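Here are a few exercises to work through with the model open beside you. Try each task before reading its solution.

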Amino acid sequence: MSHAVSTHNDQWVVVDVETSGLKASRDRVLSVAALTVDDHGRIGRELSTLVNPGCDPGPVHIHKLTPQRLAGAPRFEDIAPQLMDMLDGRTMVAHNASFDHGFLKLESMRAGLDMPTKQRLCTVALSRRLQLDTPNHKLATLAAHWKVLQSNAHDAYDDARVLAQIFTHSSRLARSLDLPLPVVKCTERLTLYPDSVPRTHCEWENPGPLKPGGGLIQGMRVVISGDTKVPRLQLAAQLNDAGLDVMNSVSRFTSVVVCSDPSLDSRKVERARAHGLEVISEARVLDLLRNVQPGMLKGTQPDPTPQPSKPKHKPKPVAMPWQSRRILVMGGSHAESVLMRSRLIQLGATPAVNLSAGVTDVLILDGGDGDPRMPKAKERDLTILTPALVDRELNIEQPTQLPPLRRRIPPLVPRGGVIDLGPNSTVLTVNSSWRAESIGVDVVALMLGEDELVSSDEDFVFFNAPATSDGAVSMSIDGDSEQGVCIDLTLVPEDCARILVAAAIDGDSTFGEIGAVSVSLDVPESTIATAVLDAATTERSMLLAEIYRRGKRMAVSRYRTGLRRRTRRAGRPLRRRGRRLRLCESTCPEPASVRHAAASLLD
């Protein structure tokens, strides 16, 4: 779990890397740049170098680092001592910091070195916390916002130089708002072995388990355990080419487990025996590969699920009087704050969870005048609202005229609201945030089948397993009070009916102590909708979003979003609902962490 770290005396080192791919355990660093920076933005030491990875450099059309350019560059182990010295004792700053840190950590491990970085700051999380008036949080967008010249995108040194200026401007604004910086501890458990097998699309239905003495059938799910004579990834590729579905963990959907020594007491072999599955040797599976029986193509069976009829005409959105406002509630009890935030939502306003740059107004309840953020609100000349003004607004036809604004505030999705994703929307991110310096929260994602169960361990994404093997679902935001789940709809397996995104709190704390949780639905270019989950009191786990598949085939244009409230008891499988992408708020009457509550969903 990530926790906030004091940074008032920290020095910073801004880092950017260019890589041969997106997976740190498989791909390599091609170039690295590091700049030490103080709180005033003054740059001290610099390091910028190409790195010879000893492998294919990958997407040359993006980073323009050809094999010829890299041939004479030093190896990582050659530049590592200088880089490690710059990192030692400083907080690493990067744009999507978990990505850069993961690559540098694994390169250090390959070189037999201990990377000294203990904490890091993600400028994406910082930008989201500040709620800057930008359509997205890309490096180029932030550079334009802060008027920083970007002359050579995807060049490590130029990106690091631009990021140093962005960080200086952003951190200065955060200090003026008394917002803590989103510094987190580097606690990932990274390993170089074994390489997980990337899941590839299998076009065949799963025929079930391998029968004793029987042969392989296309669509069977195969799991490899332990060392193999044929390199693991090469063996997996042979199995995939034969029409088999290679997985990384054993579940009740597994057909067979391959192990060079079937008597080995590995976890996968133990689970296979518990499920009554065949465990065969590597030699045996290679022999069976000579005659794989044809399977049944997916989608050849009729879909028994009736499809809802589409409305002929979509209702036009109703303009709300305060839809351009982002309002922070100060003071009052938990119940009073929840009540007033719900009334603000009725007016179309977006409740804020922090005093960020995006806040336009402050609603003062009892005791709110003594809130330590009040002086900063007055310095920024924010409009001060009262409960009486809000109540009066809800009972009159003509809205009170507030100062006009030009801020980009995405539409607020009420409970039951629905937003259709465009046909070109292939990547969706569910981002959540809560008040800074509050209790630690973990966001998780579960890929569920039609039976509402997770098919295997690899379909459970959380802070210590931050991505599925195929990259369909991954953790994306690296802050202490901002976390996100990125979903690539083109990579979601066909047997995944929906994806559940939830949040959990360890210990005895509850969501009632945290207050409002802000959730946004983002595509790469912009935020398409927001919601505020604000009804939790004694709960320790909360459902944030559900992504539904409509019909048997993956159709991006058929994904939807909405908001509703549901309840369930911890340990009870969730009920089946319509196939839509929904934002939902859920409460558990029996306090329990999502990881424990989700145990009933795991096979």
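## Strand 1 and its neighbours

In this predicted model, strand 1 and strand 4 (residues 91–94) pair in the parallel sense over three bridges.

**Exercise 1.** Find which residue of strand 4 stands opposite Val-13, and work out how strand 1 runs relative to strand 2.

*Solution.* Start with strand 4: Met-92 is the residue opposite Val-13. Now turn to strand 2 (residues 29–37), which runs antiparallel to strand 1 and is joined to it by eight bridges. Within that pairing, Trp-12 faces Val-37 of strand 2.

**Exercise 2.** Decide whether the two faces of strand 1 are covered or open.

*Solution.* Side chains in a regular strand alternate between the two faces of the sheet. Sort the residues accordingly: Trp-12, Val-14, Asp-16 and Glu-18 lie on one side, while Val-13, Val-15, Val-17 and Thr-19 lie on the other. Each of these residues is buried, and both faces are covered.

## Aromatic pairs

**Exercise 3.** Classify the ring pair formed by Phe-99 and Phe-103, then say how exposed Phe-99 is.

*Solution.* The whole structure holds four aromatic pairs. Phe-99 has a relative accessible area of 23%, so Phe-99 is partly exposed. Phe-103, at 1%, is buried.

Methods:
Residues numbered from 1 in each chain as written. Predicted model: local features only at pLDDT ≥ 70, side-chain atom pairs only at ≥ 80, totals over all residues. Heavy atoms only, no water. Buried < 20%, exposed > 50% of the residue type's maximum accessible area, 1.4 Å probe, protein only. Helix = DSSP H or I, 4+ residues; strand = E, 2+ residues; numbered from the N terminus. Pairing = 2+ DSSP bridges. Phe/Tyr/Trp six-rings, centres within 6.5 Å; stacked < 30°, edge-to-face > 60°.
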